[in-house]
Structure formats: C-alpha cells, structure tokens
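Visitor: I would like to learn how to read a protein model. Could you take me through it step by step?

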Amino acid sequence: DLMTKEEQMLLKHFEDLSERAYFQNRPCFSDFLDMNSQSLLLNYFHGPVSPVLYGGYTLAERKVAMFSEIDADYPVCWLEITPLYPKYAENLGHRDYLGSILGLGLERNCIGDILIDGPTARFICLDRVKDFLIQELRQVRHTSVTVSAIDLPEALTEPKFEVIRGSVSSVRLDAVISLAYRLSRSQSCSLIENGQVYINSRLNTSNGANLKDGDIISVRHKGKFIFSDSQNKSKKNKCVIEVHKYV
C-alpha cells in the first residue's frame with residue numbers, strides 16, 4: 001500500500017506518542033481521529049505501547065487514541081449547546097454546529113462526535129478547548145446559544161437500536177449491508193469498493209469479508225450497526241442473522 005506523505009507523518013506521530021508513553025511511563029494521547037486515521041493506526045502501527053481508542057460512548061465515530069501502560073482518564077469532556085430563546089431557535093444541523101465551532105478558529109481534531117437531539121446538541125471535545133468554547137460559542141447560524149459542561153448523556157450509555165432480522169446466503173459483508181440498508185447487492189458492493197465501509201474502525205474494501213458476531217460496521221453517510229450472528233440456518237440453508245442498527 002502506498003501511503004501519502006500525511007499518512008506517513010501521522011503514523012510517525014503515533015509511534016512518537018507510543019515511545020514517549022513507554023520511556024516516560026506516562027499516558028500519551030492523540031487528538032480526535034477520523035475513521036481513516038483510526039484505520040491507519042489499527043492496520044500499520046508498530047510501537048512499544050499499543051493504542052486504545054475512545055470516543056466518549058460505544059458507537060462513537062471520531063476517537064482519541066491513548067498510549068498508556070497505566071490506567072488514565074482521557075482528556076475529553078462533554079458539552080451541551082442549547083438555544084437562549086428556544087421559541088426563536090432555527091432548526092440546526094450537524095454542519096451548522098460544526099461550522100460555528102470551527103469558525104472560532106479551532107481545528108477539527110479538537111472535536112469528537114456531535115449529536116443532535118431536537119434543539120439541543122451535545123458533543124465531546126478535548127479538555128484544552130472546553131473553557132474557550134463555553135466562553136466564546138455564542139451563536140450557531142442566527143440562533144443565540146449557551147454552552148455548558150455536562151456528564152456523559154444517559155441516552156448514550158444505552159444506545160437505541162432498530163433490530164433487523166433476516167436470512168442471507170452467507171455472512172459476507174456485502175450481503176449483510178444489503179440486508180441492513182435494504183440495498184441491492186451491487187449497491188452494497190460499490191459502497192465497499194469505494195472505501196465507504198469500516199469494520200471495527202478498520203477500512204475494508206473487500207466485498208467478501210466474513211463478519212463475526214459483535215462486529216461494528218460503519219457505512220459512510222448511512223450510519224452504523226452491530227452484526228449479530230445467530231449461527232442458525234433456515235430451511236433453505238441460509239444464515240439467519242440480526243443487525244442492530246444504531247438510530
């Protein structure tokens with residue numbers, strides 16, 4: 001695999017963090033990583049201390065990597081954005097919130113997932129930008145907002161799922177994605193071949209990858225699901241499976 005200059009530099013950065021953690025015997029952390037950076041880390045990393053990824057809740061997409069041989073807390077915290085005048089609040093989307101946060105001059109890698117719940121948005125950020133955001137983020141689009149620190153939202157400790165059951169000819173990735181998102185086999189294949197699909201944060205471009213019980217599949221722009229293999233066969237010898245689609 002030919003790596004870009006950026007990927008080589010990122011890998012070098014991960015290895016530096018790992019060595020620092022090892023030789024200084026203290027935890028070292030990356031900033032928030034997108035799926036591609038996590039995949040790079042999981043597939044190509046060589047270093048004395050292995051990384052553990054954490055994004056604030058089970059199904060987080062963006063995650064911080066910790067390199068540590070001792071127990072440590074991640075340097076992240078949850079913030080909540082609420083409209084000052086709910087009556088006049090606009091209907092804001094992910095792009096609006098992210099745009100306003102980055103408009104303050106912050107880098108994308110300071111911010112993890114942003115989760116929208118009606119007029120409220122909750123997101124996880126690095127500790128070092130927390131106070132700045134609480135003080136400076138006053139407006140999202142034309143809506144005046146207030147920002148406060150919160151604990152991990154209860155709803156995220158118990159994610160909501162839509163359970164889809166069905167039978168597939170095999171537990172191949174393309175067949176399972178077709179079932180989960182009601183797509184044709186060729187639609188699923190093109191998503192996989194175009195680098196839109198991750199299994200447990202690793203990029204996967206093989207249609208025939210076999211899934212294991214508990215695998216978390218992320219499909220760009222479609223969401224994620226947990227694969228649950230019942231090991232049962234139907235009368236026609238098809239595999240009966242469940243996918244727990246995150247809603």
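This is a predicted model: local features need pLDDT of at least 70, side-chain atom pairs count only at pLDDT 80 or more; totals for chains, interfaces and linings use all residues.

Visitor: How many helices and strands does the protein have?
Guide: Helices (H or I, at least four residues) and strands (E, at least two) are DSSP runs, numbered from the N terminus. Here there are 7 helices and 14 strands. The C-alpha atoms fill a box of roughly 60 × 55 × 35 Å along the principal axes.

Visitor: What share of the residues is buried?
Guide: Buried means under 20% relative accessible area, exposed over 50%, and partly exposed in between, using a 1.4 Å probe and protein chains only. Of the 247 residues in this protein, 42% are buried.

Visitor: Which residues meet where helix 1 and helix 2 come together?
Guide: A contact means heavy atoms within 4.5 Å. From helix 1, Glu7, Leu10, Leu11, Phe14 and Glu15 meet Ser37, Leu40, Leu41 and Tyr44 of helix 2. For the geometry, axes are lines fitted to C-alpha atoms, for helices over the stretch in contact, and angles run from 0 to 180 degrees between N-to-C directions. The axes of helix 1 (residues 5–24) and helix 2 (residues 35–44) come within 10 Å and cross at roughly 65 degrees.

Visitor: Is Ile241 buried or exposed?
Guide: Ile241 counts as buried because its relative accessibility is 1%. This residue sits in strand 14 (residues 239–246). Its C-alpha atom is separated by 9.5 Å from that of Leu179, 62 residues apart along the chain.

Visitor: And is Arg95 buried or exposed?
Guide: Arg95 has a relative accessible area of 75%, so it is exposed. You will find Arg95 in helix 3 (residues 94–102).

Visitor: What is there to notice about the phi of Asn25?
Guide: Asn25 has a positive phi of about 50 degrees although it is not a glycine. Asn25 lies in the loop between helix 1 and strand 1 (28–33), and is partly exposed, with a relative accessible area of 49%.

Visitor: Where is His221 found?
Guide: Look in the loop between strand 12 (216–219) and strand 13 (223–233). His221 has a positive phi of about 70 degrees, though it is not a glycine. With a relative accessible area of 78%, His221 is exposed.

How values were computed: Residues are numbered from 1 along each chain as its sequence is written. Side-chain values use heavy atoms; hydrogens and water are left out.
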